[in-house]
Amino acid sequence: GKIVEKIYITGGGAILPGLKEVIEEKTKFNIEIFNPLLLLKDNPIPFEIKENGVFFTSAFGLLIRKIL
């Protein structure tokens, strides 16, 4: 009974030119590229790595699974 309001895409394919727009057009949903490294606060990860965090989604998920 819940309504979808937004779709998150991630991984290397998420940054393909035009992909976000095509999915938005076809689904009529807001699409956001998800970068899990931007959720981390006060961390020593260099910006160059953080800005490419979309590539680390699987590794990040495995990491927090181990922590939690």
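This briefing describes selected residues, contacts and salt bridges of the structure above. The model is a predicted one, and the values given here are computed from it. Two salt bridges are present in the structure, and a nonpolar patch on the surface is formed by I15, I33, I49, F55 and F56. A further topic is N35, whose side chain reaches backbone atoms of L37 and of K50.

**N35 and its surroundings**

- N35 sits in the loop that runs between β2 (30-33) and α2 (47-50), and with a relative accessible area of 12% it counts as buried, because buried means under 20%.
- The side chain of N35 reaches two backbone atoms, namely the backbone nitrogen of L37 at 3.0 Å and the backbone oxygen of K50 at 2.7 Å.
- When neighbours within four places in sequence are left aside, the residues in contact with N35 are K50, E51, G53 and V54.

**K50 in helix α2**

- K50, whose backbone oxygen is reached by the side chain of N35, is placed in helix α2.
- The relative accessible area of K50 is 18%, so this residue is buried too, given that the limit for that class is under 20%.
- Leaving aside neighbours within four places in sequence, K50 is in contact with N35, L37, L38, L40, N43 and I45, and N35 in turn has K50 among its own contacts.

**The nonpolar surface patch**

- The patch made of I15, I33, I49, F55 and F56 has about 430 Å² of accessible area together.
- One of its members, I49, is found in helix α2 and is partly exposed, with a relative accessible area of 39%.
- Another member, F55, lies in the loop between α2 and α3 (57-67) and is likewise partly exposed, with a relative accessible area of 44%.
- Not counting residues up to four places away in sequence, F55 touches G12 and I15, and I15 is itself one of the residues that form the patch.
- F55 and F34 are 21 residues apart in sequence, while the distance between them in space, taken from C-alpha to C-alpha, is 9.8 Å.

**The salt bridge between K6 and E32**

- Side chains of opposite charge can pair when their charged atoms come close.
- The side chains of K6 and E32 meet in a salt bridge, with a distance of 2.9 Å from N to O.
- This pair links distant parts of the chain, since K6 is in strand β1 (residues 6-9) and E32 is in strand β2, 26 residues apart.
- Both partners count as partly exposed, K6 at 37% relative accessibility and E32 at 33%.

**The salt bridge between K20 and E24**

- E24 forms a salt bridge with K20, and the closest N and O atoms of this pair are 3.6 Å apart.
- Whereas K6 and E32 link distant parts of the chain, E24 and K20 both lie in helix α1 (residues 19-27), where they are four residues apart, or about one turn of the helix.
- E24 counts as partly exposed at 25% relative accessibility, and K20 also counts as partly exposed, at 26%.

Notes: Residues numbered from 1 in each chain as written. Predicted model: local features only at pLDDT ≥ 70, side-chain atom pairs only at ≥ 80, totals over all residues. Heavy atoms only, no water. Helix = DSSP H or I, 4+ residues; strand = E, 2+ residues; numbered from the N terminus. Buried < 20%, exposed > 50% of the residue type's maximum accessible area, 1.4 Å probe, protein only. Polar contact = N/O pair within 3.5 Å; in protein donor to acceptor, adjacent residues only side chain to side chain. Contact = heavy atoms within 4.5 Å. Patch = residues over 30% accessible without salt bridge, like charges linked within 9 Å, V, L, I, M, F, W, Y side chains within 5 Å. Areas by Shrake-Rupley, 256 points an atom, 1.4 Å probe, with all protein chains shown as cover. Salt bridge = Lys/Arg side-chain N within 4 Å of Asp/Glu carboxyl O.
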